[in-house]
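Here are a few notes to read alongside the model, for someone meeting it for the first time. Keep the 3D view open and follow the points in order.

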Amino acid sequence: MKRVAIVKGGTRGIGAAVSRGLKDAGYKVAALYHASDESAQAFAAQSGVAIYKWDVGDFDACAEGVARVEADLGPVEVLVNNAGGAPEADAATVSPRFSESIIRLNLIAPLNFAQKANAVMQEQETGGVIINIASVSATRPSPGTAAYGAAKAGLLSLTESVAVEWAPKVRVTAIIAGMIRTEQAHLH
């Protein structure tokens, strides 16, 4: 039986590369996307990866999504928390609602999704792996994206804590990504 991986934000940029790599390694991959995106359909057709549209920031949708992927593809052994990002905004003048939405997307959503995946993985004989995609913004000043940098720093701390709590059955790690050329690199 093929192993199953979920990749949040798995149809563009880093997530698309991760989805393809896991598929090439023999996984059944569920690539998640949120926005109405014709490129997600094109990605699925080109890569052969299953795509699922849902709001990864919605806690109930996380539980339903993990169950749906399991029903469609089988037991989930890998979760890649990749969805995230932030437009540039001045920390002195940005609205509290904007900052909260950035922190929700880059820290709270990965925590919620990891909790749901962990609950499933803890019950499996093979356990599982959760990979959080962080950012170099977590480890250095991040002017123009302060809330994003703070959320990614929180994601690193979260990763270290749950790695201890959920071991040995579920392995949790983070990858700190720097600037990576993707189809959206021209925006920076």
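1. Overall size. For a chain of 188 residues, a compact globule would have a radius of gyration near 16 Å, and the protein chain has 16 Å, so the two agree. That radius is taken over C-alpha atoms, and the globule rule is 2.2 Å times the number of residues to the power 0.38. The C-alpha trace spans about 50 × 40 × 30 Å along its principal axes.

2. Ground rules. This is a predicted model, where local features need pLDDT of at least 70 and side-chain atom pairs count only at pLDDT 80 or more, while totals for chains, interfaces and linings use all residues. Numbering starts from 1 along each chain as its sequence is written, and side-chain values use heavy atoms, with hydrogens and water left out.

3. Layout. The protein chain has 5 helices and 6 strands, running β-α-β-α-β-α-β-α-β-α-β from the N terminus on. These are DSSP runs numbered from the N terminus (helices: H or I, at least four residues; strands: E, at least two). As for burial, 45% of the 188 residues count as buried, meaning under 20% relative accessible area with a 1.4 Å probe, protein chains only (exposed is over 50%, partly exposed in between).

4. The largest core. Which residues touch the most other members of the largest nonpolar core? They are Ile6, Trp54, Val69, Phe113 and Ile130, out of 31 residues. Such a core is a set of buried Ala, Val, Leu, Ile, Met, Phe, Trp, Tyr and Cys residues joined through side-chain atoms within 4.5 Å. Helix α5 gives the most to this core, with 6 residues.

5. A second core. There is also a separate core of 17 residues, including Val29 and Phe43. Val29 sits in strand β2 and is buried at 4% relative accessible area. Leaving aside neighbours within four places in sequence, Val29 is in contact (heavy atoms within 4.5 Å) with residues including Ala5, Val7, Leu22 and Leu73.

6. Aromatic pairs. The whole structure holds 2 aromatic pairs. The rings of Tyr52 and Trp54 have centres 6.1 Å apart and planes at 65 degrees, so this pair is edge-to-face. Trp54 and Phe113 have ring centres 6.0 Å apart and planes at 5 degrees, so they are stacked. The cut-offs: rings of Phe, Tyr and Trp (its six-membered ring) pair if their centres lie within 6.5 Å, and planes under 30 degrees apart count as stacked, over 60 as edge-to-face and the rest as tilted.

7. What the stacked pair joins. Trp54 lies in the loop between β3 (50-53) and α3 (59-73), and Phe113 in helix α4 (residues 96-123), 59 residues apart, so the pair links distant parts of the chain. Trp54 and Phe113 are both buried, and ring pairs link Tyr52, Trp54 and Phe113 into a cluster.

8. A lysine to look at. Is Lys152 buried or exposed? At 3% relative accessibility, Lys152 counts as buried. Lys152 is placed in helix α5 (residues 146-166) and touches Asn106, Ile133, Ala134, Ser135 and Ala138, not counting residues up to four places away in sequence.

9. A cis bond. Most peptide bonds are trans. The bond from Ala167 to Pro168 is cis, with omega near 0 degrees, and Pro168 lies in the loop between α5 and β6 (170-177).
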